[in-house]
Amino acid sequence: MSASAVHSLWTTAAPIQKIDAPTIEYAQLLPTLIVIGAAVVGIVVEAFVGRKVRYYAQMFVTVVALVAAFAAVIGLAAGGHASTEAQIAAMGAIAVDGPALFLQGTILLTGLVAVFTFAERRLDPEAHGNRVDSFTAQAGSVPGSDGEKAAVKAGFTTTEVFPLALFAIGGMLVFPAANDLLTLFIALEVFSLPLYLLCALARRKRLMSQEAAVKYFLLGAFSSAFLLFGIALLYGYAGTVSYAGIADVVDGTVQSIDPALADTMGNDALLLVGGAMILMGLLFKVGAVPFHMWTPDVYQGAPTPVTGFMAAATKVAAFGALLRLLYVVLPGLRWDWRPVMWGVAIVTMLIGAIVAITQTDIKRLLAYSSIAHSGFILAGVIAATPDGISSVLFYLGAYSFVTIGAFSVVTLVRDAGGEATHLSKWAGLGRRSPLVAAVFAVFLLAFAGIPLTSGFSGKFAVFKAAAEGGAGALVVIGVISSAIAAFFYIRVIVLMFFSEPKPEGPTVAVPSPLTTTAIGVGVAVTLVLGVAPQYFLDLAGQAGVFVR
Amino acid sequence: MSFPLLTATAAVPAIGAIVTAAVPSARRTAAKWLALLFSLATLLLAGVVGARFDPGGDRYQLTESHAWIADFGVRYELGVDGIGVALIGLTALLIPFIILAGWHDADPYETDSKRWRPTQGFFALILMVEAMVILSFEATDVFLFYVLFEAMLIPMYFLIGGFGDRAAATQPAADAAGGSDEKAAAQRSYAAVKFLLYNLVGGLIMLAAVIGLYVVAGNFSLQEIAAARASGELEMATNTERLLFLGFFFAFAVKAPLWPLHTWLPNAMGEATAPVAVLITAVVDKVGTFAMLRFCLQLFPEASKWATPVILVLALISIVYGALLAVGQRDIKRLVAYASISHFGFIIMGIFAMTSQGQSGATLYMINHGISTAALMLVAGFLISRRGSRLIADFGGVQKVAPVLAGTFLIGSLATLSLPGLAPFVSEFLVLVGTFTRYPVVGIIATFGIVLAALYTLVLYQRTMTGPVKLEVAKMPDLRVRELVVVAPLIALLIFLGVYPKPVTDLVNPAVGHTLSDVQKKDPKPEVEAAK
């Protein structure tokens, strides 16, 4: 094809128009703007503030930003944006509605708690007179090299984790609110890239940490490619990337066909293949079978505070995006995606629960448990009713605090090699440190869904929604896999309380108020949502309507 | 608003649990006395409940109702009928004895001080179980009941797994030190896990049924659903009702326990200390049989009738199988466990015979079995702790060295075999009569259970108490004052209820009448009258 032909193609397909400046509703985007802005400030701090005070400056910026963003979310919700005033902002790119605000609030709170665990500096013994956190002294140095030793001796710390966490949180805030496919993809990358980096930054067991990061990055990039390909196919199908626009085409309410896409528009093959690829990308992020392979390795290798953050916040964001995609874009395709999601939910619940039984490392065990929980949440997603949405929102809120709390406890149990994550080392923990073991037992019971914990309320809400949505068989499989899962949670409790402590067993570090806060918040949320969940169920119920 | 008596009955032991757990570890004795005081206060409140309850009045009395989780259609609803009052009374009565009997069970080992045995925790857990059991007898909201039904497993689990006998499991005391000690701990945690998994699986299957019930009925209120069922407003498809019934019944049959879901009980009772074993079988397991009466029959009357033949057969198997295995046991506590399985068979048979004698007898049996098993098991516990072994073969001739112990053991044994004059006889007789009037063959076969009961209890007594005095038991001390205080009232009660069961039957009969009218069953007419 000659150059002029190409040129004529451009000019005929897209006649030059006057470009209007976009209108941006800054007030409604405030939470995201604050977090991303603070992340940029964090980078500046990294560059210009002295090494000694950098940690405190970063802590300050991060905590203030997260609290301010949370206040902004509350303000928006109080202003009615969660219900009556729900609207689409930023030229159709971002939805400001109940689910978005609820999930943003959850992400900000879990992010805040997770940042506390990032900042913990009392668990590792002091190195050369400097207090150290869970992150490597210098990420660029080769593990075990002289350069690393020098960096440790000089007291370097990787305070970049704070702006990285902020960027990740910023992306996560956009992810469930994204109202077109491109925004969805950009948000995905914005929160994934910092997470890949954070995974590689462990102070101890650095090779494992870097391996985890590489695996996460490669598989994540792979899934992103699927997502992007799916977006392209859906664009071919609908001629637009906006959620509402695609939904209109799916429903058949749009008859005008873009002449440039005359061959593909309305072609159901593109819709089905594209929709499936986007689902794959999102199911990868939530860790659903068969896209779960990365979860155990990454959870195990990443620094434990990062694991907790990732397990909680990523799941919240990704399920938010999944809900919006299925409920806003593809409701017309319900009869196609529901059977597929049924299958995914069933294998996710069963494989997560069954494989977890054979695990011997506490972090891998929690990873498989998180897979099983993804399956439970998917049961609520499948309900395809307003109750389904609010039950998923509630479950996500309940689950994320339990997860961060549980991983925070994991950071406390240490031996000479850092965290003692092998299960055999947890034997008799309940006799040596009854309080820590009791707290961990509370988290495990919540994971197992024992009544009077948040895990039970969440599970009940999700299963109830699924049963009402006509997925009774899913509920039965759900309770069966809960029973299987209960076995390995209980195994850990047996190990902690009924086994004799080993003589060379690990010690339990006394944390600073930071980690104590994270664990305390986890326990409090677990018990409050277990005994008196009504207020939060109301909140989730009011937030359960998507804007379109 | 009137004083929330039912909430208070459960709140007092719950507060007691927290207070007891908060006592500093050095003040061990204070914690024990506190726990005892709280359990006695609960007994007092249970007495008030019994006094305020009018057997001839409304079906559910002393009701309380508060909003709890509106989104789930769940209310905090309490109310008791005669059966509930009787079982609350049993629970509140037994707990002080259990605490007294277990007075030293959770003391630290003198020889091995580094081992972890928080005495406070033991008593706090017992009170916690008491609170949950009492509240589950009061709950008239299905969800609330379910929550308690599941939640009580956790303290129970720690009681079984965390505290065992001083002596190693089946090893003679001589080599109790070292290796077999670890083996005992392993067996104990195995028993605790088995207990928890069995009950959790039962409970989770019930959860599916609970959710299904909500989908069908739209709320969880027992009274509302039962009323809607009775008036025909709430129709259930036959299959739905049957599936939901099976979901509920499965959980209760695990808890009760009914053959073939019983295998956790011998392990749990064998490995737990005697007071905890009493707590399991005499208190916690009653929730299962109670729930069959209250939930299965009321919510799913048609399905209950549909399932009756199978359940009766399973109950029969429980009666005979439990008794046969009890005959073959070498371990005293496991023997009592199998005997309990046999007795639970009687209770379930009485419930599902669907006659007024059968159900009155079953309810009475729940009470009497609680008291008689407590008496037998607690004395057996005193015996075991003296010798440091659970094996029947390790005893012999105890009668001569500890006559009071032997005497109380004999009365407990005789109560277990339902000797006339002792309380269990009345209930067993009622159950058998009630079953016979509707299902004569079942009644006849079940009677063999009594014969076998005579065999296993008398052989147990003979081998342990009579014959030549074994060397190891020659210096066995007789019952101490604390132990007598535990046993004497229980035996007095066994004799009293054996001679004069009217107080309890008066309490439960109206409630049984209600339940029977739920399932729309009338007693079969006596044959003589029918022939006229």
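Trainee: In this predicted model, which residue in β5(A) stands opposite A:Val413?
Mentor: Strand β3 of chain A, residues 413-415, pairs with β5(A) in the antiparallel sense over 2 bridges. A:Val413 falls in that strand, and the residue facing A:Val413 from β5(A) is A:Val508.

Trainee: Which strands are the edge strands of that open sheet of chain A?
Mentor: The sheet has 3 strands in the order β4-β3-β5, with antiparallel pairing. An edge strand here pairs on one side only. That applies to β4 (418-419) and β5 (507-508) of chain A.

Trainee: Is A:Val161 buried or exposed?
Mentor: A:Val161 belongs to helix α6 of chain A, residues 161-174. Leaving out residues up to four places away in sequence, A:Val161 touches A:Phe118, A:Phe135, A:Leu198 and A:Leu201. A residue needs 20 or more other C-beta atoms within 10 Å to pass the cut-off. A:Val161 has 27 such neighbours inside 10 Å, so A:Val161 counts as buried.

Trainee: What separates the C-alpha atoms of A:Val161 and A:Leu270?
Mentor: Along the chain, A:Val161 and A:Leu270 are 109 residues apart.

Trainee: Which element gives the largest share of the side of chain B that touches chain A?
Mentor: The contact involves 30 residues of chain B and 28 residues of chain A. On the chain B side, the elements giving two or more residues are α5 (142-151), α6 (153-162) and α7 (179-217). By class, that side has 4 charged, 4 polar and 22 nonpolar residues. The largest share, 18 residues, comes from α7(B).

Trainee: How compact is chain B for its length?
Mentor: Chain B contains 21 helices and 2 strands. Its C-alpha trace spans about 70 × 60 × 40 Å along the principal axes. The radius of gyration is 22 Å, close to the 24 Å that the globule rule gives for 532 residues, so chain B is as compact as a globular protein of that length.

Trainee: What percentage of the residues in chain B is buried?
Mentor: Among contacts in chain B with a separation of 6 or more, 82% join residues 24 or more positions apart. Of the 532 residues in chain B, the buried ones make up 61%.

Trainee: How far apart are the end C-alpha atoms of residues 184-452 of chain B?
Mentor: An unreviewed UniProt entry annotates this span as "domain: NADH:quinone oxidoreductase/Mrp antiporter transmembrane". The span is 83% helix and 0% strand. Its end C-alpha atoms lie apart by 31 Å.

Definitions and conventions:
Residues numbered from 1 in each chain as written. Chains lettered and ligands numbered in written order. Predicted model: local features only at pLDDT ≥ 70, side-chain atom pairs only at ≥ 80, totals over all residues. Contact = placed C-beta atoms within 7 Å. Helix = DSSP H or I, 4+ residues; strand = E, 2+ residues; numbered from the N terminus. Nonpolar A, V, L, I, M, F, W, Y, C, P; charged D, E, K, R; others polar. Buried ≥ 20, exposed ≤ 12 C-beta atoms within 10 Å, placed from the backbone. Pairing = 2+ DSSP bridges. UniProt positions renumbered as here; feature names shortened; annotations may be inferred. Rg over C-alpha atoms; globule rule 2.2 N^0.38 Å.
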